[in-house]
Amino acid sequence: MNPPAPSLLRRVTGAKLFWPVLALALMLLFNLAYSPGFFHIEIKDGHLYGSLIDILNRAAPLMLISIGLTLVIATSGIDISVGAVVAISGALVAMLIGGTLVLKGNVQEYVTLVPMPVAILAALAVSAAAGLWNGFLVSRIGMQPIVATLILIVAGRGAAQLITGGQIITIYYKPYFFIGNGFLLGLPFSLYIVLAVLLLTVLLARGTALGLFIEAIGINPRACRMAGINAKNLLLCVYTFCAVCAGVAGLIVCSNVKSADGNNAGLFFELDAILAVVLGGTAMTGGKFYLVGSVVGALIIQTLTTTIYSIGVPPEITLVVKAFVVFLVMMFQSGTFRRTVFGSWGKRVAKP
Amino acid sequence: MSAEALPILEMQGITVEFPGVKALSGVDFRMFPGEVHALMGQNGAGKSTLIKALTGVYKPKAGTIKLADQLISAGSPLEAQKLGISTVYQEVNLCPNLSVAENIFIGRQPMRFGRILWQELNRKARALMERLDVDLDVTQPLAAYSVAIQQMVAIARALDISAKVLILDEPTSSLDEKEVELLFQLIRRLRDDGLAILFVTHFIDQTYQLSDRITVLRNGERVGEFKTADLPKLKLVEKMIGREMDAGEGRKADGPANVNGHAVPALFEAEGLALKGSMQPFDLAVRKGEILGLAGLLGSGRTEAARLLFGADRADHGSLLDEHKRFALNSPQAAIRHGIGFCPEDRKADGIIGELTVRENIILALQARLGVFRPLSRRKQEEIADRYIRMLDIKTSGPEQPAGKLSGGNQQKVILARWLVTDPRFLILDEPTRGIDVGAKGEIMALVQSLSKDGMAILFISSELEEVVRCCQRVAVLRDHAKVAELDGAQVEEHAIMRAIAKGQE
């Protein structure tokens with residue numbers, strides 16, 4: 001009666017991480033063949049430079065947001081305000097650090113309005129407040145997540161512009177540049193932030209019962225209530241956490257471009273982040289989630305973007321190429337699609 | 001019966017099949033003009049299937065339908081309506097934001113040159129409502145009126161479209177007594193006008209208040225057609241449940257707990273617990289080591305009562321006592337803190353989390369009580385899961401199988417395990433044996449009995465009286481969303497329960 005033990009191949013292809021990792025690997029392989037120097041990494045001033053490092057650094061904000069968003073999507077929710085939170089966080093930190101160039105004689109002096117750690121903490125606190133607001137609307141008012149977070153898209157960008165006074169604030173305070181441009185032990189500092197957040201999130205989700213509860217709520221909220229899970233507070237936490245991730249991403253973005261732009265910072269990040277989460281194997285309907293998958297998903301998106309530029313796809317069709325590749329990856333992730341196209345490849349038993 | 005008028009509607013040998021299930025097999029049904037005909041039967045007996053076969057929602061596999069001696073075969077409710085068969089559903093399906101008049105004539109507005117003739121529309125609506133003797137402003141939005149009035153508007157709409165057969169599907173379930181009386185007056189007037197009315201309800205009393213004729217269905221078959229006057233309530237209940245009572249049958253040996261049952265103080269008590277629109281105030285006490293049965297027809301308020309006792313619905317009246325101490329119960333969480341567990345009737349919607357594994361499903365309630373930051377270690381989880389899989393003999397390929405893939409009986413056991421893990425003092429089992437095979441049924445019954453021997457208080461809800469009688473020491477009987485009787489010791493036998501269901505406490 002026992003079904004035969006699944007073959008190694010089947011076990012590997014059955015793993016959720018297999019498809020996103022395969023997609024990333026194929027993309028890198030493609031670059032190996034078509035874009036010379038893609039894998040070239042050199043050491044300059046003790047730092048590593050090269051396309052790969054560049055991808056990692058550029059993908060950092062997206063990876064962070066994807067991590068937070070993964071948990072939200074797992075509860076069968078969505079947060080489309082992450083881009084707006086990126087803008088708020090960046091605007092606030094820029095304003096608190098101050099956007100004026102101070103010269104003493106001919107030498108630039110690095111001054112801040114408030115100490116940098118205070119500015120950073122304030123930006124994160126405001127991000128958390130934004131997340132609490134989202135969580136409040138969803139868990140207490142019972143608003144649909146997409147509508148609730150839509151409010152913050154509008155209000156958030158407005159707030160960001162209010163903070164920056166409608167201008168782009170340029171930051172001249174050098175120590176702040178480290179977050180988005182600095183290197184630690186040869187690698188971009190932002191990468192350490194991502195790793196720390198990822199590690200923390202995995203520990204929180206899998207080391208406690210948080211992950212189980214989040215998945216359970218995403219699958220069957222009614223049954224969760226009956227089992228005594230307090231979904232309301234959990235949702236509040238998850239939305240807050242997601243916004244804080246976006247806030248951290250905002251700090252990196254702002255530091256990376258040394259300025260804060262209330263209008264354009266983090267624009268359409270929510271769409272890329274949703275894509276990253278889905279590429280990573282988490283279903284939009286909620287339930288089982290894959291944090292590492294989402295990070296890989298974010299890397300796929302960034303690699304794709306970089307690849308398209310480096311092989312010289314004409315700019316007017318880059319989006320189409322991007323969309324096509326994403327479409328392919330998604331299709332291959334779907335078991336139904338694979339079975340339909342490849343028939344018995346998935347060891348499907350013929351139906352009578 | 002030959003002296004009767006000719007039936008306006010005749011359904012013969014109606015058979016409806018769904019994949020794997022025969023929902024109706026060879027059912028005959030007829031309706032007479034100027035009569036209210038009640039269609040009775042428990043949930044799943046085939047009442048709504050029969051209505052849907054009549055109104056063209058389902059296509060019967062066999063059988064004929066004759067309306068006024070003409071063979072008809074409606075392909076959709078709309079066609080049925082055109083033929084003269086209108087249905088008013090339980091949930092009023094009108095548009096609350098539109099006016100009463102608009103609701104009555106929506107889709108059939110009097111038009112000229114592409115414009116709606118509002119004056120005429122309102123005038124016609126007013127005339128129609130006047131004919132039904134309902135006094136209201138037809139230009140007001142429907143939502144401004146009570147559900148009862150909304151029902152009447154729905155009826156007015158149905159009548160205006162066609163008026164041979166009117167089907168009322170559970171029209172009274174969300175009305176209060178006064179509203180019911182109002183509706184009944186209207187129905188009687190329509191009956192006297194010669195309309196054939198099909199009345200579907202769970203409420204036995206209402207059936208007797210209103211109907212002239214009763215057809216009873218059970219398990220997709222017609223049990224019989226009776227004149228209401230010739231069918232005592234008790235007989236009706238017997239026919240619905242399908243157990244003819246012989247004198248002396250169903251006698252129950254006194255369980256050991258009956259001997260000193262009253263000496264044991266109550267563990268949990270409900271005092272006048274009620275929720276408007278769901279459950280009338282009821283008292284209930286359950287003692288340590290006792291299996292208290294909750295009997296009544298489906299739809300009599302058993303699940304509603306259970307949900308109130310578990311805090312799944314918040315009572316708006318009355319209170320709960322835990323060992324004589326009052327406590328607030330506003331969520332399942334609070335109930336769980338007090339050591340109450342609840343296996344819900346609707347396993348799929350309220351119980352099983354399908355994509356999670358058997359292990360995760362089993363530890364869920366315990367983990368919820370421990371909270372997020374006191375996770376059970378994986379080893380501990382596996383230990384618990386293995387123990388209960390063995391103890392309850394859950395048929396699964398292993399603890400890591402998604403629980404949704406198990407059979408109904410095994411899912412039930414998983415939910416049972418979920419609560420047993422929390423070591424509850426009081427366990428509410430709502431239809432624990434519904435839809436599971438005989439073997440698993442026996443196992444669950446045996447388990448329930450052994451749990452009570454170990455001191456757990458159990459509330460056992462079942463529509464199978466035989467089960468209730470077999471394992472309960474005391475039985476509370478519900479009818480029409482109210483507790484009508486409590487039977488104790490030797491009184492606990494099927495005949496007495498049926499009598500109570502039929503007419504309340506003697």
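# A tour of chains A and B

Select B:Phe268 first: its bridge partner in β16(B) is B:Asp322. Helices (H or I, at least four residues) and strands (E, at least two) are DSSP runs, numbered from the N terminus. This is a predicted model, in which local features need pLDDT of at least 70 and side-chain atom pairs count only at pLDDT 80 or more, while totals for chains, interfaces and linings use all residues. Residues are numbered from 1 along each chain as its sequence is written, and chains are lettered from A and ligands numbered from 1 in the order in which they are written.

**Stop 1**

Select strand β13 (residues 266-275) and strand β16 (residues 317-322) of chain B; they run antiparallel and are joined by five bridges. β16(B) and β17(B) form a hairpin with two residues between them. In the turn, B:Glu323 has a positive phi of about 45 degrees.

Now show the whole open sheet of four strands, in the order β14-β13-β16-β17 (chain B), with antiparallel pairing. Two strands are said to pair if DSSP finds at least two bridges between them. At the edges are β14 (279-287) and β17 of chain B, each pairing on one side only. On average, neighbouring strands of this sheet are turned by 25 degrees against each other, direction ignored. Then select helix α10 (residues 302-310) of chain B, which lies across β13 and β14 of chain B and runs at about 65 degrees to β14(B). For such angles, axes are lines fitted to C-alpha atoms, for helices over the stretch in contact, and values run from 0 to 180 degrees between N-to-C directions.

**Stop 2: the six-stranded sheet of chain B**

In what order do the six strands of the open sheet stand? The order is β6-β9-β10-β3-β11-β12 (chain B), and the pairing is mixed. β6 (85-88) and β12 (221-227) of chain B stand at the edges, each with a single partner strand, so one side of each has no neighbour in the sheet. The twist from one strand to the next averages 20 degrees.

Zoom in on β6(B) and strand β9 (residues 165-169) of chain B, which pair in the parallel sense over four bridges. Within this pair, B:Thr87 is opposite B:Ile167 in β9(B).

**Stop 3: a helix pair in chain A**

Move to chain A and select helix α2 (residues 18-34) and helix α13 (residues 291-310), which pack at an angle of about 25 degrees with their axes 9 Å apart. α2(A) and α13(A) are therefore roughly parallel to each other (angles under 35 degrees count as roughly parallel, over 145 as roughly antiparallel, 65 to 115 as roughly perpendicular and the rest as oblique). The residues making the contact include A:Leu24 and A:Leu28 of α2(A), and A:Val296 and A:Ile300 of α13(A). By class, the contact of α2(A) with α13(A) has 11 nonpolar, five polar and no charged residues. In this scheme, Ala, Val, Leu, Ile, Met, Phe, Trp, Tyr, Cys and Pro are nonpolar, Asp, Glu, Lys and Arg are charged, and the others, Gly among them, are polar.

**Stop 4: where the chains meet**

How many residues of chain B are in contact with chain A? There are 24, and they are in contact with 20 residues of chain A. α11 (332-337), α12 (347-351) and α13 (358-370) of chain B each supply at least two residues of the side of chain B that touches chain A. The most comes from α13(B), with six residues. The residues of this side divide into 15 nonpolar, four polar and five charged.

**Stop 5: the domains of chain B**

To finish, colour chain B by its domain assignment: domain 1 (9-241), domain 2 (266-339 + 430-493) and domain 3 (351-423). These bounds come from an automatic or database domain assignment. The C-alpha centres of domain 1 and domain 3 of chain B lie 45 Å apart.

Definitions and conventions
Contact = placed C-beta atoms within 7 Å.
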